[in-house]
Amino acid sequence: MEIEFVGSQTDCGTSKNAIRVTLDPSIAEYYNIVKNEGKLTVEKRPVTLTSASGSKEYDGKPLTNHKVTVGEAARDTGWVDGQGATYSFTGSQKIVGSSENAFECIPNEGTNLDNYQINKTYGTLTVADRSEKHQITLTPNSKSVAYDGTEKSVSGFEALEFHINGQTFYVSGVEASATGTDAGEYPVKVSGQAVVIDSDGN
């Protein structure tokens with residue numbers, strides 16, 4: 001009698017541990033072979049992925065950190081040799097505050113994520129308030145005309161858009177105006193409460 005094991009399981013899941021029994025033809029008629037086949041079970045391999053944290057003072061630019069620490073394969077918490085993934089980050093923090101450094105896994109060729117139990121730990125991205133504030137100077141428009149007996153006026157500012165560290169900021173909520181008829185100088189009065197936003201409306 002020859003017994004050959006033909007059962008095999010590579011990916012996660014369960015299948016029969018099939019066997020093939022071959023009897024010598026000269027005695028085969030005397031035997032009724034009953035096979036009780038076992039099962040082969042491959043469980044998901046745990047992979048621990050941890051994204052890095054980061055912090056900085058507010059500068060108008062998004063804070064990101066595209067680093068991931070993978071558990072050690074030798075301790076069965078990492079990718080199988082020759083397999084792995086790249087990481088697509090959605091974590092970003094632009095304004096003052098904190099958020100998770102979230103990411104998604106993109107499997108490399110030959111890597112089936114269904115064979116892994118992926119455990120993610122997100123780092124924290126923190127943007128702190130500036131210790132020294134940016135200074136923005138609003139300059140009202142000026143106007144010089146010859147007297148002709150009619151009322152003259154001027155309004156607005158030379159600029160309400162500013163560029164700092166390569167980022168664009170916009171000022172709103174303020175007005176500037178002056179009127180006059182007689183010859184002379186008239187101060188441009190500024191009113192309102194300045195509001196500054198970035199290109200994303202923050």
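A pocket here is an open set of points on a 1 Å grid over the protein atoms alone, where a 1.4 Å probe fits and protein lies on both sides within 12 Å along at least five of seven lines; its lining residues have an atom within 4 Å of a point. The model is predicted, so local features need pLDDT of at least 70 and side-chain atom pairs pLDDT 80 or more, while totals for chains, interfaces and linings use all residues. Residues are numbered from 1 along each chain as its sequence is written, and side-chain values use heavy atoms, with hydrogens and water left out.

**Pockets**
- The largest pocket holds about 350 Å³ of space, a volume being the space filled by probe spheres set on grid points joined across faces, edges and corners.
- Its lining has 18 residues, and K143, V145, K152, G184 and Y186 are the ones nearest the centre.
- Strands β13 (152-155) and β15 each put at least two residues into that lining; strands are DSSP runs of E, at least two residues long, numbered from the N terminus.
- By type, the lining of the largest pocket splits into eight nonpolar, seven polar and three charged residues (Ala, Val, Leu, Ile, Met, Phe, Trp, Tyr, Cys and Pro count as nonpolar, Asp, Glu, Lys and Arg as charged, the others, Gly among them, as polar).
- The second largest pocket has about 260 Å³ of space, and of its 13 lining residues Y58, H134, I136, F169 and V196 sit nearest the centre.
- Strand β16 (residues 189-198) is the top contributor to the second largest pocket's lining, with three residues.

- A85 is in contact (heavy atoms within 4.5 Å) with W79, C105, I106, P107 and N108, leaving aside neighbours within four places in sequence.

**T168**
- T168 sits in strand β15 (residues 167-180).
- With a relative accessible area of 18%, T168 is buried (under 20%, using a 1.4 Å probe and protein chains only).
- The T168 side chain makes a polar contact with the side chain of H163 at 3.1 Å; such a contact is a pair of N or O atoms within 3.5 Å, and within protein one must be able to donate a hydrogen and the other to accept it, with sequence-adjacent residues counting only if both atoms are side-chain atoms.
- Not counting residues up to four places away in sequence, T168 touches E161, F162, H163, I197, D198 and S199.

Methods:
Helix = DSSP H or I, 4+ residues; strand = E, 2+ residues; numbered from the N terminus. Buried < 20%, exposed > 50% of the residue type's maximum accessible area, 1.4 Å probe, protein only.
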